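Okay, thanks for coming, everyone.

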2 protein chains.
Amino acid sequence: MAENQCVARLAALRKTMERSGADTVLIPTADYHNSEYVADCFKAREYYSGFTGSAGTLAVRGNEAALWADGRYFIQAEHELEGSGITLMKMGEPGVPTLYEWLKDHMPEKSVLFFDGRCITKAEGEKLSHLLAGKGISIRADLDLAGDAWENRPALPEHAVFLLDAEKYAGETAVSKLERLRARMKEKNVSAYVSSKLDEIMWLFNIRGNDVECNPVALSYAVVTKETALLYLQDAEVTKDLSDYAGACGITLQSYGNFLSDLPKLPLESGGECEEVRIWIDPDYTSYAVYQGLLQNLDRGIDRKLRKKENLDLSVLPSAAAAKIRAEEEKKLLVETPSPVDYMKSIRNETEIRNFRDIYVEDSAALTKFIYWLKKSMKEGAELTEGSAASYLDKLRAGISDYVELSFPTISAYGSNAAMMHYEPGADGGAKLSPEGMLLVDSGGHYLRGTTDVTRTMSVGPVTEKMRRSYTLTAVSQLQLMGTVFLKGCSGMALDIMAREPMWENGMDYKCGTGHGIGYLLNVHEGPQTIRWRVREKADSTPFAAGMVVSDEPGVYREGEYGIRIETILLCREWKTTPDGTFLCFEPLTFAPLDRDLIDPSVLTPHTRSLLNQYHKEVVEKLSPYLNEEEKAWLVRECAEI
Amino acid sequence: MAENQCVARLAALRKTMERSGADTVLIPTADYHNSEYVADCFKAREYYSGFTGSAGTLAVRGNEAALWADGRYFIQAEHELEGSGITLMKMGEPGVPTLYEWLKDHMPEKSVLFFDGRCITKAEGEKLSHLLAGKGISIRADLDLAGDAWENRPALPEHAVFLLDAEKYAGETAVSKLERLRARMKEKNVSAYVSSKLDEIMWLFNIRGNDVECNPVALSYAVVTKETALLYLQDAEVTKDLSDYAGACGITLQSYGNFLSDLPKLPLESGGECEEVRIWIDPDYTSYAVYQGLLQNLDRGIDRKLRKKENLDLSVLPSAAAAKIRAEEEKKLLVETPSPVDYMKSIRNETEIRNFRDIYVEDSAALTKFIYWLKKSMKEGAELTEGSAASYLDKLRAGISDYVELSFPTISAYGSNAAMMHYEPGADGGAKLSPEGMLLVDSGGHYLRGTTDVTRTMSVGPVTEKMRRSYTLTAVSQLQLMGTVFLKGCSGMALDIMAREPMWENGMDYKCGTGHGIGYLLNVHEGPQTIRWRVREKADSTPFAAGMVVSDEPGVYREGEYGIRIETILLCREWKTTPDGTFLCFEPLTFAPLDRDLIDPSVLTPHTRSLLNQYHKEVVEKLSPYLNEEEKAWLVRECAEI
């Protein structure tokens, strides 16, 4: 993208700002649902700055603009911002102000900060509002100036929503899921649950969409009360099948575009029993705009209640006084804790587990065929690139009967490229593979039977002792976590060290979590379960439960040298109950061989050696039916006892 | 305690209640500081109910009374409540209402609940107040009815406070500690820090007291602002030395009894720079009464600010409206996060570390002499009881030069008694020791050089294979955690599995945490660091830092059979820094032998065997200078390589 383009785009934005009385416009990297991946129409930050990274915030004022990017993107952002007139703020570097400090410092007293309240979370919006209140700066979150000044902005994606069969795939009807949600709502004493989280809405209603690349979700909102279930979708995405289905299930379809204007007046009381509105939201997935709408909804009830029960008429008080009283009352009526649906969704039912077990074996077989082909081709001197190798694998996946799409663009990283955790080969096919060193392939697919995600690192020729040692440590880490048994109630924070300790004992570490949840024909990353050791502002404290699925993906990343990751997906299930409690264990879903040529047996302990041999034995058993004779013979050799 | 006594006592209380218009009085088990141990004058719950357990809440109404006790105390409470007319509520049992449910159910509309606001935390008080507001029930927390009707109530303990030498023992002056606290306050943008936590007040001012058994603390409060440091102590506890010291350090001494009445009017602004009061409290250690006093303090400023800055005169508004507005503003001015002092205190400085290393070796030597004596005496057929064994050990400790007192009553538990985690031999000397099975001894002392805590389980004759296996698993757990290295930033929740995994692999577990912090001539249990795996409502997420001290005490408890615990105290220190980060490790402070007769070598892996041999080698090296020839020869045999 040429620099000049951005200069003109910023000039157009500044004209709009001037007309609206905006001192500063904030342009984050988010859609209306705080999704991990966003559609093109939400890439305003990229449009105005030229910076293409997956995270970063742009702040534009009349005579200056700055972009905050994190360490992953310093070099790229520096390059892409050149000539745009935008200052790069390297987050975390000494002397670099935070966005908040910069705004507080640069914005004059009593000026106005604009942002699209739909693209900023409730928490961020409140933080900005409190921070700037001291300088008398006000917030306007109801206008999308960056969108208004965006020429030829892509339209919102509009793809038909499809139904996921409850009996064959989802394993539970939407009606039953809604019932369970309402039971949780009753426990929590709320009259409504309002969701903006796309994947959980899909799960709750047994539907899927196609509005975000590699994420089979539809833009949507949902409101569930004791009696009603409102599902907001774009009209163009609603098929006849869906209407019929909604009618039969007691789901009321509404227009996505009306959600924000509906919010203040939606009836959220739970009938006669308790006439007070109490609303449950997940603050991480509720936008500032949705939050404002909910407050307006609450305020009607608050004014009424205070008049009736406390004989307090807010309409006769000074408006500042009334606002403070409403704010005090609002807090009591808004329950802000993690989503109940997200948790329900994370526990796979028997149907989902059966489908997962099936599809993971088929998906593993595709990967194993690929590994065989890759090693053979490299030995035969074939000319391959990272990209052509990835394409071969993608095609094998697409051949599986219920294949839908890739669950993310295949990461195929050769040599030192693999040291970059999120490397993707470019359109030019990426690096050429030489017959030495290693290729890291992280890939997965969406199928009606579930979503897969797997990483294997393969030698494509001679490797160094250091590489073998690193690979074996990674294998040990992965196997040791896989073999861990633990008491019910244990969270991923308590488990992480089982994977990481072999690294730590050698003064090594990988700079990412060990595991994440995986959706069922949904996002390849989902929560609330996670395996990571470091204390974060938000606690990763969801205990594991039987039926949860999680990745196990330690690695070694050596900048400029090589990168290794082994990722196997695990199903959590009950192990046994003793007088001391109920114990859980992990069952691997992924069955693809570890690379025999990369194993240094001297690094193995008797325990980890037996874990490896046991796993390899199962790999042969599970995959053999899917392989031809040549592949099978190779796999048996590859998996022989070490 | 005879039942009749309680009946009369409750009758006297009910008369006082009637006079005050109290429907219900709540009598918890706490002093004014939410201390783990409380002085006799705070044992009102025991006085009125006869129940002597360490936890439990009594609720008394005109014609009924109920006591909530947890599972540890069901049998004891049932027995002790007999004839008192008090209903036992077995917490957690099906069908048993919680205290909250019971109050809500039994108290009539618009009645009044009384409790001493000094003995209930801010969080509990608020929960009660919100819960009962729905029924129009109000709270009175400013009267101590249970205290008023208590005949011959013991007086508050009053023991002179003494100074802890900064150079020799504390390693840092109070002036320097106050400076560091003020720096943290500045970061947090607060003008005052108000502490009710006894051990942190002692640490902050380099003083110690003697008001709580086994806890060298004085009843006290502290208020620190940018310029002032107020220390509230009972007048009778202030010596001339202390007055002089306070004067020299810029500490203002105040009367403990005046604290609550002072609170509403104390100047807590931080001078000219920022004229707003913002107060930091730790909500877990701030009583409801202190909280109410702080709100009154804030309200003065709030009224003034709203009048001046927002032109809003609360005095002309309806009082309900003014109260709501004040509540909304108060929230912004009260910072409720864990104590900064508690964290500062947890990190030992060089002087404290040197003293700890010294005293732990001497204390370990005393324990080791005891073990030698015990085994020899049992072999020789001596008549010993749990109590007489404990006394022998206590005397050895008292012989150490700077001994102050025991850090808790010595736990000496023989045979199946050891399965009860907090067993103490009674005044009759407890069980007689037979020459078979095991004795568990958990003990420690306060010294000027620090506080110790150690557990060893010893065979006193033949043992079963099952006991040996359990003991060896416990040793493996303890050694494995001791040998763990980990990245800086790791919390105890991430580490716990290193101790627990050998148990879990065998379907076993111990029902308590693995480790707690230990004070420096302060409470034997302190935080914020802790090693436990289970997710609790309050996250145990303080990362370990070099200088922290923590216990490592796994165990096996088999009801009716035996109990095993091995507790070694560890110092956290830096291991090394690599390109992947800074790693920490543990150094043992305790050096007492594990019981050779109880080790089953087949349970050891090569790794844990080498950890054991290495530890035993150090035990011999460290302790030899303190032992006589006979003891030394025995120790060398006991610690020979396995």
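Let's start with a question: which residue of chain B does A:Glu328 form a salt bridge with? It's B:Lys331, and the closest N and O atoms are 2.6 Å apart. By salt bridge I mean a side-chain nitrogen of Lys or Arg within 4 Å of a carboxyl oxygen of Asp or Glu. A:Glu328 sits in helix H13 of chain A and B:Lys331 in helix H13 (residues 319-333) of chain B, so this pair joins two chains.

Quick housekeeping. This is a predicted model, where local features need pLDDT of at least 70 and side-chain atom pairs count only at pLDDT 80 or more, while totals for chains, interfaces and linings use all residues. Residues are numbered from 1 along each chain as its sequence is written, chains are lettered from A and ligands numbered from 1 in the order in which they are written, and side-chain values use heavy atoms, with hydrogens and water left out. Helices (H or I, at least four residues) and strands (E, at least two) are DSSP runs, numbered from the N terminus.

Now the interface as a whole. On chain A, 45 residues are in contact (heavy atoms within 4.5 Å) with 45 residues of chain B. The two chains bury about 3,700 Å² between them, and carbon and sulfur atoms give 66% of that. Buried area here is the accessible area, with a 1.4 Å probe, that two parts lose on being put together, summed over both. A:Lys324, A:Trp504 and A:Asp580 supply 17% of the area chain A buries against chain B, more than any other three residues.

A:Lys324 also has a salt bridge of its own, to B:Glu310, with the closest N and O atoms 3.2 Å apart. On chain A, helix H13 (319-333), strand E21 (486-487), helix H18 (492-504) and strand E27 (568-578) each supply at least two residues of the side touching chain B. The largest share, 9 residues, comes from H13(A).

Most residues other than glycine have a negative phi, and most peptide bonds are trans. A:Asn311, in the loop between helix H12 (288-309) and H13 of chain A, has a positive phi near 55°. The A:Gly527 to A:Pro528 peptide bond is cis, with omega near 0°, and A:Pro528 is in strand E23 (residues 526-531) of chain A. Over in chain B, a cis bond joins B:Gly527 and B:Pro528.
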